[in-house]
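The entries follow in the order in which I took them.

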Amino acid sequence: MFQSDIDIFGNRKRSVMKIETITICGGGNAAHAMIPIIRNHFSGKLNLFLPYGNEAAHFEKLIEGKRFITATIGEKKLYGRPDKVSKFAKEVCKEADLILIPLPAFAHEQTLLQIVPFLREEAIIGAIPARSGFEYAALKILKNNHKEKVKIFGMQTLPWACRIKEYAASVNILGKKKSVGMAAFPHKITPELASFLSQVLDLKIDPLPNMLTLTLANVGQIIHPGIMYGLFKGKEQITYQKETIPLFYQGVTREIAKTLKAMSDEILILTEKIESFDKNVNLDYVLGLKDWLIYSYKDSITDKSSLQSCFVANSAYQGLRAPMKKINNDYFLPDFQARYLTEDVPFGLIVIKSIAQLAEVETPVIDEIILTISQWMGKEYIRGGFLGGKDIKDTRIPQNYSMKNLEEIIIY
Ligand code: NAD
């Protein structure tokens with residue numbers, strides 16, 4: 001679908017971007033995967049920014065012993081370490097041409113605030129994955145700090161399923177997406193940047209026409225809250241023994257698939273409304289959930305006949321269970337503070353709901369899911385049908401960044 005020598009902007013694809021120093025922010029699963037991958041495909045300087053707690057000192061001490069991080073991808077092993085590690089942005093961001101933020105969305109803003117004073121004008125910063133509304137936060141922080149020339153980008157998902165095996169020593173890369181969408185602002189840098197990232201991340205990257213596509217096509221915001229809702233609504237207090245914890249993706253029933261489809265359809269209706277509002281905005285890459293699953297996991301789905309089968313018969317999702325918290329030695333309860341909710345609701349579904357309000361599109365299924373899940377999380381986002389709850393200030397809705405109409409959102 002996305003293959004062509006001519007990019008979506010009508011330019012021939014090139015790969016001549018001058019990037020000599022890359023800085024990765026954070027030391028989680030994704031950062032551990034990226035270090036050896038980039039080290040094997042990029043000959044410039046690779047830095048690591050670790051501002052969180054005493055992570056920098058811990059990482060430095062351990063990597064001295066192990067010498068490098070080993071990434072295991074099937075039969076293959078890749079090795080790599082950063083050239084410089086620091087707790088201070090000044091030491092690792094000042095020279096960076098490209099800054100990668102492979103962090104949970106709730107850490108984006110504080111990380112951006114730490115690095116912004118030291119950004120070069122020519123720098124490019126991007127979130128992998130962007131989740132929804134990354135550009136609202138990033139562009140506001142850049143503007144407030146007189147760094148408007150800095151360019152931004154986001155990727156639609158993290159390209160790999162990955163887990164640290166041993167901190168600062170080894171990481172397992174369990175699966176790699178067939179390709180991942182990427183959008184940048186200003187839009188004109190997208191083709192060249194996609195080509196560069198494709199090379200250093202060793203991945204097929206689909207250049208997307210705008211950052212709004214990332215928000216509307218953020219599938220995590222459908223899948224994670226939607227499945228949690230389906231698995232646990234009305235069963236919030238049921239306890240599980242380890243072996244009875246429900247499978248997450250492969251636990252999708254016909255009923256849950258119906259809910260997921262309804263959420264996806266509401267986003268598609270919103271997408272059409274935005275396209276009819278401005279005929280110049282290209283949202284062609286916002287796919288329905290089933291189409292996205294088939295596109296992204298083509299080879300790992302053995303039965304593509306229904307949305308339910310795309311989850312249940314998907315080997316990439318095999319054996320993954322619902323997030324739980326231990327209540328005693330034998331029993332578990334659903335974890336309503338899990339990333340699937342704390343990231344994908346305030347930095348996902350709520351952003352969709354807020355754009356739908358601006359576009360005057362109704363989203364009854366998404367509303368019901370937000371209301372139920374907010375109660376589980378102990379948060380109040382919606383009050384009286386509107387996004388006026390006390391916790392709305394902690395979300396990434398455009399209104400929190402002084403954007404009050406569709407025109408302002410569409411331009412990015
Ligand atoms: P992670 O939980 O491993 O990241 C933890 C790291 O994030 C910490 O080591 C720290 O460096 C940083 N961090 C956490 N809280 C912070 C804070 N408040 N301030 C500053 N830094 C903070 O996360 P991950 O698994 O690497 O995931 C990164 C992103 O990729 C998330 O958006 C996640 O949803 C997404 N994702 C991950 C996977 C996966 O397989 N790991 C798959 C799909 C998507």
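I looked up Lys204 and found it partly exposed, with a relative accessible area of 31%; partly exposed lies between buried (under 20% relative accessible area) and exposed (over 50%), with a 1.4 Å probe and protein chains only. The model is a predicted one, in which local features need pLDDT of at least 70, side-chain atom pairs count only at pLDDT 80 or more, and totals for chains, interfaces and linings use all residues. Residues are numbered from 1 along each chain as its sequence is written, and side-chain values use heavy atoms, with hydrogens and water left out.

I then asked which residue the side chain of Lys204 meets in a salt bridge. The partner is Asp206, at 2.9 Å from N to O. A salt bridge here is a side-chain nitrogen of Lys or Arg within 4 Å of a carboxyl oxygen of Asp or Glu. Asp206 is buried, because its relative accessible area is 3%.

Helices (H or I, at least four residues) and strands (E, at least two) are DSSP runs, numbered from the N terminus. I logged Arg81 as partly exposed at 29% relative accessible area and Glu64 as exposed at 53%.

I also looked up Asp391, which forms a salt bridge with Lys390, the closest N and O atoms being 2.9 Å apart. Asp391 is buried, with a relative accessible area of 8%. Elsewhere, salt bridges that share partners join Asp97, Arg120 and Glu122 into one network.

Entry three, a helix position. Is Thr259 buried or exposed? I found Thr259 buried, since its relative accessible area is 17%. Thr259 belongs to helix H9 (residues 254-277). Leaving aside neighbours within four places in sequence, Thr259 is in contact (heavy atoms within 4.5 Å) with Tyr229, Val365 and Ile369.

Entry four, a sheet. I traced an open sheet of 3 strands in the order E13-E15-E14, with antiparallel pairing; two strands pair if DSSP finds at least two bridges between them. Strand E13 (240-241) and strand E14 (324-326) are the edge strands, each pairing on one side only. E13 pairs with strand E15 (residues 331-334) in the antiparallel sense over 2 bridges. Tyr240 stands opposite Phe332 in E15.
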